[in-house]
Amino acid sequence: MSKAKIVFIGAGSMSFGIPTFKDLFTTRELAQSTLSLVDIDEQNLERMYQLALKMNEASGMELKIEKTVNRRDVLQGADYVVNSLAIERCELWRKDFQVPLKYGIKHCLGENGGPGALFFGMRTIPLIMEICKDMEELCPDAWFLNFSNPESRIVLAVNQYTKIKCIGLCHGIFMAQEDVSKVLGRKKESVEVSAAGMNHFQWLLSIRDRESGEDLYEELREKEKSYVT
């Protein structure tokens, strides 16, 4: 793979900053690429920038790392734009759950489905669209890799109303694979899963031994009855 330019918007994210760094600094094909960190919170941005410098040195990836509070400064010529932004995530997410609950609607998390996701989408999608408009101008061939929620609604909006190529990503399936492996008492690498669904509403369609192809779903059902974390 040739050297890429990766712009990470929302790099100060508590939830996705470090996991995304883990992916970036362990993917050898990205060695000597450019990583541009973007966040409007200068304190969080500086903290993640310093962490990126340390991980870059420790990994030997030799990435060119830069930081800015203005995405337009670094979008020009980008190959990938990774997004994990959220607007006052913790406080407003709490209200996304509490306000519907006040009127008798209780939903799981309230981030990707139901009225909570509607609120989440109404405040997040307009900002995402502004980013995509900048991309259409400055890096029209770049991929927009989205971690922000509500995942499916954001991806639908970008694909329908912009010319930008967009994919929604989540670590949820891999987290499920790890949890299932713990219940089964097996190494994560030995368990293969396939799944369908949307963020926070995923279902494992199959659980198999990676080498033999043995179906492990029934074994999971039995072991989870007595499993204690």
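Which residues lie nearest the centre of the second largest pocket? The legends below take up this question in a predicted model.

**View 1. Centre of the second largest pocket.** G172, I173, M175, A176 and Q202 lie nearest the centre. They belong to a lining of 25 residues. The volume of this pocket is about 500 Å³.

**View 2. Helices and strand around the second largest pocket.** α6 (172-184), β8 (201-209) and α7 (217-224) each supply at least two lining residues. α6 gives the most, with 7 residues.

**View 3. Residue classes in the second largest pocket.** The lining holds 14 nonpolar residues. Another 7 are polar and 4 are charged.

**View 4. Centre of the largest pocket.** Here the volume is about 670 Å³. The lining counts 29 residues. Closest to the centre are G10, D39, S84, L85 and A86.

**View 5. Helices at the largest pocket.** Both α3 (89-102) and α4 (114-138) supply at least two residues of the lining. The largest share comes from α4, at 3 residues.

**View 6. Residue classes in the largest pocket.** Nonpolar residues number 14 in this lining.

Terms used:
Residues are numbered from 1 along each chain as its sequence is written. This is a predicted model: local features need pLDDT of at least 70, side-chain atom pairs count only at pLDDT 80 or more; totals for chains, interfaces and linings use all residues. Side-chain values use heavy atoms; hydrogens and water are left out. On a 1 Å grid over the protein atoms alone, a cavity is a set of points where a 1.4 Å probe fits but cannot get out, and a pocket is an open set with protein on both sides within 12 Å along at least five of seven lines; lining residues have an atom within 4 Å of a point. Grid points are joined across faces, edges and corners, and a volume is the space filled by probe spheres set on the points. Helices (H or I, at least four residues) and strands (E, at least two) are DSSP runs, numbered from the N terminus. Ala, Val, Leu, Ile, Met, Phe, Trp, Tyr, Cys and Pro count as nonpolar, Asp, Glu, Lys and Arg as charged, and the others, Gly among them, as polar.
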